[in-house]
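I opened the coordinates and kept notes as I went. The entries below follow the order in which I looked things up.

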Amino acid sequence: MRKDDCIFCRIANGEIPSKTIYEDGEFRVILDLGPMTKGHALVLPKEHFDNLYELPGEWCKNAFALAQKMAVQMTEKLSCDGFNLLQNNKEAAGQTISHFHIHLVPRYRADGLELSGEQQSPTQEELEAVRKQLI
């Protein structure tokens, strides 16, 4: 179900104009208005889900299958050198709009975009403690 006060619901359902590059019954893919690189796009479901935690399994499968299809097409047509898929959940992870979406970010050798953060160096014991929490 869509939310009337959600800007991404309104864009995904065609109520707000966008630079659409793909659309089907479940999703709209649009060019980002503040792109990180040339061709940066967003996969938006037409139904409202706040984030990955709320996304039903079938929607998740379809969203990432579409992201893969678009990455292949965009790599071919834009001649990019690589590709990032970004999907943020909740404010602490950088989600600024509470509507599930996937960023499609074409990468170019000298684009200057830095997405990697400083890596941690946990001990084997710390890794084992986390592993035990997760199983």
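Helices (H or I, at least four residues) and strands (E, at least two) are DSSP runs, numbered from the N terminus.

I noted the provenance: this is a predicted model, where local features need pLDDT of at least 70 and side-chain atom pairs count only at pLDDT 80 or more, while totals for chains, interfaces and linings use all residues. Residues are numbered from 1 along each chain as its sequence is written, and side-chain values use heavy atoms, with hydrogens and water left out.

Entry: overall layout. I counted three helices and five strands, in the order α-β-β-β-α-β-β-α from the N terminus. The C-alpha atoms fill a box of roughly 50 × 40 × 25 Å along the principal axes. I took contact to mean heavy atoms within 4.5 Å. Among contacts between residues at least 6 apart in sequence, 55% join residues at least 24 apart.

Entry: strands. I found that β1 (residues 20-23) and β2 (residues 27-31) pair in the antiparallel sense over three bridges. They form a hairpin with three residues between them. On its other pairing, β2 runs antiparallel to β3 (residues 41-45), joined by five bridges. I then asked which residues stand opposite I30. T20 stands opposite I30 on the β1 pairing, and L42 in β3 stands opposite I30 as well.

Entry: burial. I used buried for under 20% relative accessible area, exposed for over 50% and partly exposed in between (1.4 Å probe, protein chains only). Of the 135 residues, 33% count as buried. In β2, four of the five residues are buried.

Entry: cores. I defined a nonpolar core as a set of buried Ala, Val, Leu, Ile, Met, Phe, Trp, Tyr and Cys residues joined through side-chain atoms within 4.5 Å. The largest has 15 residues, of which V29, V43, I102 and L104 touch the most other members. The elements giving two or more residues to this core are β2, β3, α2 (57-78) and β5 (102-107). With six residues, α2 gives the most. A second, separate core of eight residues includes C6, I30, L42 and L44.

I listed the neighbours of V43, leaving out residues up to four places away in sequence. Among them are F27, V29, A63, L66, I102 and L104.

Key. Two strands pair if DSSP finds at least two bridges between them.
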